[in-house]
Amino acid sequence: MKILSEEWGKLPFAYHKTNYNVRCYFRNGKWGIVETSSSEQIVIHISATALHYGQTIFEGLKAFRGKDGKIRIFRWQNNWERMNLSARGILVPEVPREIFEEALRKVIALNEEYIPPYGTGASLYIRPLLVGTGAKLGVAPADEFLFTVFVSPVGPYFPTGFKCVDVKLVRDVDRAAPLGTGRYKIGGNYAASLASGAQAYADGFKMVLYLDAKEKKYLDECGPANFFGIKGNTYVTPDSSSILQSITNMSLRTLAEDIGMTVENRKVPVEELAEFEETGACGTAAVITPIKSIHDVEQNKIYTYPDKPGTQSVKLYSKLQAIQLGDENDKFGWVTEL
Ligand SMILES: Cc1ncc(COP(=O)(O)O)c(C=O)c1O
C-alpha cells in the first residue's frame, strides 16, 4: 500500500502493511539465518508456548529520515540488550547481536519506501518479536523459537501533538509485582494492564499511573511509558524493580545532566506529586507526553500542572528529537546511520 506524499503528515500511530518482514528460527539448539518474508502471517503450532505460557517478548524502536536524507536508528543496541534481558527472564534463547543487527538493517532496507520523509512528524516504527513456537502441553519452555522483525510507518502517538494529558492514578490494579516480570518487555505485563487502561480511557483519561504493588506508596510507571517529574533544576524519575527501563528515559536523564540539571532516580512517594512543577510520561512512541493532571480518584485528590508543556520538558523533548533526526550532533553515540 503505497503512501502518497500528502498522506505522510496524517499517518496514525497504527499498523500499516509494508512489503517485507524478516524471520530467524531457533531449532535444534541454534539460530538459523535471517530470512525475508512478504507474508503478514506466521504459522504457529497450536500448542506453542507463546500462546499458552506467555513466552512472548517484543521490543519497539524507531528509524528516522533526516533533512540530509540519511536514515538513522536510535539506540538499537539498548533494545537488543533489553530483549535479551527479557529472554533470560522467561527462558527464551538470547538473540546474538549480529542476528539482531542484520535483521534490523535488512527489514529497514527492504521497506525503505515506507520511511516517512523528514518534517512530517512521522517515523518508521520497528517491532522485534521473539516467541516460543515449540509445542509443550505441560508448563515448560519451548525447544523452538521465532525471532521476527516487522516495521510500520507511524505518525505521532497523539495526533493532537505535544499536548498535555490527564492521567488516572490506578490503585485497584497492579501491573507487575516487585519480584515479578515488570522489568521485562513481555506480553503478560501488557495483558495485565489492558483492563485498567481501557477503564481509564472510558473515564476520560489518556493514561494511567501505577503505584508499587507492595506498599502502594511509591510511583511505578505510566502504562507503556516511564514517569518523570521536574522541580526546579531537578529531574526525578522512579526507581523500581517492577518497571521497564525506558531507553527514552535513560536518554532524557543523560540530556538533563548535559544541560546542567540534577538527576534523581529513586523511590518517589505519591505525595511528592504535589511538589513537581512539570510531569510527563516518556517512551519511544511519543518521546514525552506532558501531563496536566493526575487524578487519585480513590483518595479524592487531583494534582494539577500547567496545561502547556513546561520549559524543561520542551527543552529535553526538542534536544532528543533533534538527535534522532540528525539535526543536532550525536555526541553520545546514540544513532546508527544506515
Ligand atoms: C511498560 C513500558 N514502560 C516504558 C516504556 C518506554 O520505553 P522506551 O523508552 O524504551 O520505549 C515502554 C515502551 O516500550 C513500556 O512498554
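Domain bounds here come from an automatic or database domain assignment. The model is a predicted one. Select residues 5–154 for domain 1 and residues 165–325 for domain 2. The centres of the two domains, taken over C-alpha atoms, are 26 Å apart.

Next, look at where the domains touch. Domain 1 puts 22 residues into the contact, and domain 2 puts in 12 residues. On the domain 1 side, select β4 (56–58), β5 (61–65), β6 (71–74) and α2 (76–89), the elements that each give two or more residues. Of these, α2 gives the most, with six residues. Colour this side of domain 1 by class: nine residues are nonpolar, eight are polar and five are charged.

Now select helix α5, residues 247–258. From first C-alpha to last, α5 reaches 17 Å, close to the expected 16 Å for its 12 residues. Which residues of α5 are buried? They are Ile 247, Thr 248, Asn 249, Ser 251, Leu 252, Arg 253, Leu 255 and Ala 256. After the helix, select Gly 260, which has a positive phi near 90 degrees.

Finally, show the whole protein chain again. Its secondary structure consists of six helices and 17 strands. The C-alpha atoms fill a box of roughly 55 × 50 × 35 Å along the principal axes. The chain has a radius of gyration of 20 Å, which agrees with the value near 20 Å for a compact globule of 338 residues. Of those 338 residues, 44% count as buried.

Notes. Residues numbered from 1 in each chain as written. Predicted model: local features only at pLDDT ≥ 70, side-chain atom pairs only at ≥ 80, totals over all residues. Helix = DSSP H or I, 4+ residues; strand = E, 2+ residues; numbered from the N terminus. Rg over C-alpha atoms; globule rule 2.2 N^0.38 Å. Buried ≥ 20, exposed ≤ 12 C-beta atoms within 10 Å, placed from the backbone. Expected span 1.5 Å × (residues − 1). Contact = placed C-beta atoms within 7 Å. Nonpolar A, V, L, I, M, F, W, Y, C, P; charged D, E, K, R; others polar.
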